[in-house]
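Biologist: I would like a close look at one part of this model: the charged side chains and how they pair. Which pairs form, and what surrounds them?

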Amino acid sequence: VLITSFKYMDLQQLAEFVRDTPSSTAIRESILMFPIIEGLHLLGIGVSAGAIAISDLRMAGKIFRKEPISDVFNGIAPWMIVGFILMTITGLLLMWSEPTRCYESIWFRYKVLFLFLGGANAGIYHATIWRSRAVWDKAEDPPTQVKFTAWASILIWSLVIITGRTMAYNF
């Protein structure tokens, strides 16, 4: 019966349903839970975005120019993954605690758009350019396509952070 009810809900109704769940209320109204989750979210952003920035700046040929790109990436990949997992879990919990505010926020919508663009950029990069890295891996000045992808990544993830922080300050 509950699954059938979801079939006929629009996004706003779904947000209102989630808002009224005990877990959403508990996070939202807790003196410690919300700030702890938000602090962990910011920590996850710092770790993940910092690792992504290091990788992207190397791909753009701006740092660690003597190091192979794959070595730089492999060295920071665990941090990137852990930070991304932490950021994702805590972000979902924050969204769960304020679903109607998220639904109504233009900044949240932009953030989701930029998250999808960031994922698409990374997916396309790993499906295409990364596969030919043996050719350009050790180049101090990587090919234009690699640089473009790196700068696009820096821009997109910066926009994710900016829209996320703007969203938080407009609740």
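Modeller: Start with Asp20 and Arg19, whose side chains meet in a salt bridge, with N to O at 3.1 Å (a side-chain nitrogen of Lys or Arg within 4 Å of a carboxyl oxygen of Asp or Glu). This is a predicted model, with local features needing pLDDT of at least 70 and side-chain atom pairs pLDDT 80 or more, while totals for chains, interfaces and linings use all residues. Residues are numbered from 1 along each chain as its sequence is written, and side-chain values use heavy atoms, without hydrogens or water.

The two partners sit in unlike classes of accessibility. Asp20 is exposed, because its relative accessibility is 53% (exposed is over 50%, buried under 20%, partly exposed in between, with a 1.4 Å probe and protein chains only). Arg19 is partly exposed, because its value is 28%.

In total, the structure holds six salt bridges. Side chains of opposite charge can pair when their charged atoms come close.

Arg165 and Glu38 form a salt bridge, and their closest N and O atoms are 3.7 Å apart. Arg165 belongs to helix 9 and Glu38 to helix 4, so the pair ties together parts that are 127 residues apart in sequence (helices are DSSP runs of H or I with at least four residues, strands are E runs of at least two, and both are numbered from the N terminus). Neither end falls in the buried class. Arg165 is partly exposed, at 23% relative accessibility. Glu38 is also partly exposed, at 24%.

Glu98 and Arg101 make another salt bridge. Their closest N and O atoms lie 3.9 Å apart. Arg101 is partly exposed, at 39% relative accessibility.

One group goes beyond a simple pair. Arg65, Lys66 and Glu140 are linked in a network of salt bridges.

The phi of Phe64 is near 50°, a positive value in a residue other than glycine. Most residues other than glycine have a negative phi. Phe64 itself is partly exposed, with a relative accessible area of 47%.

Ile129 lies in the loop between helix 7 and helix 8, the latter spanning 133–136. Ile129 is buried, because its relative accessible area is 7%. Ile129 and Val146 are 17 residues apart in sequence, and their C-alpha atoms are 7.0 Å apart in space.

The chain has nine helices and zero strands. Read along the sequence, its pattern is α-α-α-α-α-α-α-α-α. Along its principal axes, the C-alpha trace spans about 55 × 35 × 25 Å. The chain has 171 residues, and 34% of them are buried.

The link from helix 9 to helix 4 is made by Arg165 and Glu38. Arg19 and Asp20 pair their side chains at 3.1 Å, N to O. For Glu98 and Arg101 the closest N and O atoms are 3.9 Å apart. The network takes in Arg65, Lys66 and Glu140.
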